[in-house]
Amino acid sequence: MSVELGHFALILALVAALIQSSLPLWGALSGSAAAMRVGDRAAQIQFLGVAGAFAALTWAYVVSDFSVLSVAMNSHSSKPLLYKITGVWANHEGSMLLWVLMLALFGLLISVFGGVIPAALRATTLAVQAMVGVGFYLFILLTSNPFERIARPPLDGQGMNPLLQDIGIALHPPLLYMGYVGFSTAFSFAVAALITGRVDPAWARWMRPWVLLAWSGLTAGIALGSWWAYYELGWGGFWFWDPVENASFMPWLIGTALLHSAIVVEKRNALLKWTILLAILTFALSLIGTFLVRSGILTSVHAFATDPSRGAFILVLLSIYIGGALCLYAWRANAIRDTGVFALWSRESGLLLNNVLLVSVTGIVFVGTLYPLALELYNGAKITVGAPYFNQTFLPVFAAIMLVAALGPFLSWKRARRADVLRRAGWVLGLSVAGTAGIALGFGLREPVGLLGIVISLFLAIATLADLLRRAGVPGAPIGTVLRRIIGMPRSAWGLWIGHGGLALAAAGVVAVSVWSAEEIQTVRKGEETAVGPYSFALIDIENTQGPNYQTSIAALRVTRNGELVTMLFPERRWYPVEQQPTTEAGIRTLWHGDLYGVLGDPDGRGGYVTRYYYNPGVPWMWAGGALITLSGLISLTDRRLRVGAPSARRSRRRATPSPVAAE
Amino acid sequence: MKRAVMKPILISAVLLAMTGAPAHALDPNEMFDDPVLEQRARDLGRELRCVKCRNQSIFDSNAGIAQDMRVVVRERIAAGDSDEEVLEWLRERYGDYVLLNPRATGQTALLWLAPLGFLVLSGLGAGVYLYRHAGGGDAPDPALSDEDRARAQALLSGREKTP
């Protein structure tokens with residue numbers, strides 16, 4: 001019964017979205033305040049509808065209602081409760097429901113916290129947001145109904161891929177969708193700006209918090225997915241340039257460009273048209289990502305939908321939304337004028353260069369991901385574009401991005417003094433080369449690519465720190481003043497430093513693990529020791545036991561360095577009888593400089609076991625860097641000028657929504 | 001109706017059965033004793049795609065076919081082939097599909113030119129924008145005269161009204 005109520009609630013959400021996509025828009029165009037206000041209510045009702053539908057489906061999973069097709073196909077009564085719940089979105093139908101839940105959530109947030117946004121812009125934005133929703137509600141209801149029943153329910157479900165029965169990957173989709181789908185707000189604001197014809201610094205200030213929120217979620221989601229691959233797939237890899245990974249990485253890259261160009265709009269009233277185009281393209285890539293993953297056009301580790309009718313449906317939606325927005329752009333964008341003027345050497349130019357490079361890397365990932373598909377459609381030739389291609393094309397441009405990120409903050413707005421910038425860049429370069437030389441000599445490192453990577457990471461880190469210190473008054477100001485200034489810095493400045501610092505840290509980690517990791521694969525018996533880099537791994541014991549829905553062998557590994565015990569690792573080999581599938585659970589100990597990582601493989605039948613041991617330097621820095629980058633977005637979000645109720649914002653709210661009496 | 005429901009169930013049952021096949025991760029038995037040859041074999045393994053897998057290299061994959069391909073790579077290395085010859089040997093048998101690093105040929109020309117194309121195009125766009133919007137050269141020296149400084153101090157301490 002609750003399942004049918006859920007189905008009904010979803011239809012209700014569709015109806016609310018239909019109203020929300022038409023009435024407020026008409027209101028904004030004709031100046032009817034009453035019609036515009038409908039947008040807020042409709043957004044709230046729409047959210048309640050989807051939330052109800054989502055709750056109903058979740059309940060069906062929790063109570064293992066196998067008369068629901070989705071539950072029967074993807075769940076099992078023996079699964080732990082946590083994975084019954086996360087199983088809701090670990091399949092096509094449920095994940096699309098999560099998609100629209102996020103979409104409606106962002107609509108709800110705009111209706112609740114968007115009080116500072118002028119009524120006409122808010123109403124139009126909500127209308128566009130709902131137009132996106134309508135398409136995806138229809139998609140779910142017509143092709144991917146999660147509430148479909150089966151006439152003769154099975155006694156038990158088919159279970160869920162055990163690789164996905166893990167907390168890291170369970171939280172990955174909600175965060176990823178927060179980003180993917182959250183970028184719909186940028187799209188809605190951009191289209192609304194084109195409709196209402198109003199684009200100015202205030203517009204960028206209203207749009208930017210939503211982009212920041214989405215971007216932070218996407219950052220966390222990507223990092224979490226990468227972390228999961230690292231500890232769960234069991235060979236120490238963390239990024240594979242898999243098309244599904246690329247599908248989430250492209251919106252991140254171009255979304256990063258959008259975040260930065262929106263700053264130029266906000267502060268300098270320049271790059272207006274470009275920022276609107278970026279906002280449209282960012283959501284376009286989110287939709288393309290959804291299409292690639294959900295249509296099953298790629299067959300890769302994570303894609304599990306295989307019905308082409310769904311792909312065609314999403315493709316049509318994609319064409320309507322993106323094609324429509326681009327047509328509107330072509331029609332209306334010429335009316336938008338930039339007024340900000342700036343010199344060649346200026347912060348604006350630096351951010352423009354950031355955009356050039358970020359858009360280029362997005363393009364590179366796009367072409368690399370879609371080229372095999374396009375070629376196969378064109379002449380049937382099957383080729384593969386794998387990690388080596390991306391390493392050769394993506395990494396050099398990304399290195400340039402890091403250099404620009406380092407130097408950008410040195411440039412002042414409008415006009416910078418070239419001599420000052422070059423002098424400071426020279427200092428930073430000198431320090432980072434010296435630092436790298438010290439590291440190379442101290443640890444006896446040689447590989448030129450790795451050392452170049454260290455120089456670039458250090459360059460970004462030192463430049464970021466130097467910018468912080470200079471703004472705090474170093475050198476010159478007394479220590480007390482410096483500390484007071486550091487504490488009093490605006491949150492957006494902290495966002496910059498933490499974000500760029502996090503990028504430097506993550507990059508250093510990637511370089512370190514790519515170049516200097518140590519790996520040994522061997523068959524060992526109990527008691528046998530193996531040297532891995534400076535460490536020694538020994539297999540002590542193996543114990544067979546039983547988990548909630550799997551059997552497992554747990555190995556005890558002793559890791560020593562120069563004869564002293566460092567840690568014990570307990571890698572597992574699990575067997576999930578319902579799914580008839582094995583998984584590996586790596587044993588990992590994180591030290592500040594790297595991970596000790598052990599994997600238990602198959603027994604050889606003669607008392608030995610295949611084991612893989614790794615020392616992965618830098619890996620913890622990658623995760624810390626990812627966390628810092630996520631944090632940087634959230635910290636910027638709390639900046640005074642973006643906060644609801646900031647003095648300037650309060651005035652505009654009063655202007656924006658006049659009471660009926662005052663309007664008269 | 002019933003058939004439409006049963007079909008995906010059957011497909012997923014087949015898929016589940018397939019994934020239940022025993023794992024063949026890189027096995028010490030396959031490996032060279034010579035660390036130099038072994039390193040070459042691993043590096044080559046990262047350049048080759050497991051033909052039945054979903055975007056995995058044969059080095060990373062646990063599939064049986066990946067193990068077979070790793071063995072072939074090692075046989076070719078043992079036979080004295082250069083890295084290029086090993087890749088070419090596999091390409092002749094499995095097609096371009098196995099190469100994770102696609103060859104630069106007529107049909108991959110766009111793929112390999114695209115990165116440069118994006119940089120040039122977006123760079124040109126930015127250049128045009130700068131040409132149209134950029135004004136002014138280097139910033140003037142911000143050094144203040146003593147008089148300026150005194151006036152600024154007065155303004156800051158509130159002794160003088162803003163002009």
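**View 1. The contact between chain A and chain B.** Chain B puts 45 residues into this contact, and chain A puts in 56 residues. Two residues are in contact if their C-beta atoms, placed from the backbone, lie within 7 Å. The model is predicted: local features need pLDDT of at least 70, side-chain atom pairs count only at pLDDT 80 or more, and totals for chains, interfaces and linings use all residues. Residues are numbered from 1 along each chain as its sequence is written, while chains are lettered from A and ligands numbered from 1 in the order in which they are written.

**View 2. The side of chain B that touches chain A.** α1 (2-19) and α5 (109-133) of chain B each supply at least two residues here. Helices are DSSP runs (H or I, at least four residues), numbered from the N terminus. α5(B) gives the most, with eleven residues. By class, this side of chain B has 22 nonpolar, 15 polar and eight charged residues. Nonpolar means Ala, Val, Leu, Ile, Met, Phe, Trp, Tyr, Cys and Pro; charged means Asp, Glu, Lys and Arg; the others, Gly among them, are polar.

**View 3. The domains of chain A.** Chain A is divided into domain 1 (1-164), domain 2 (166-388), domain 3 (397-516 + 621-630) and domain 4 (518-620). The bounds come from an automatic or database domain assignment. The C-alpha centres of domain 3 and domain 4 of chain A lie 37 Å apart.

**View 4. Domain 3 against domain 4 in chain A.** Eleven residues of domain 3 are in contact with five residues of domain 4. On the domain 3 side, α17 (491-516) and α18 (619-637) of chain A give two or more residues each. α17(A) has the largest share, seven residues. This side of domain 3 has ten nonpolar residues, one polar and no charged.
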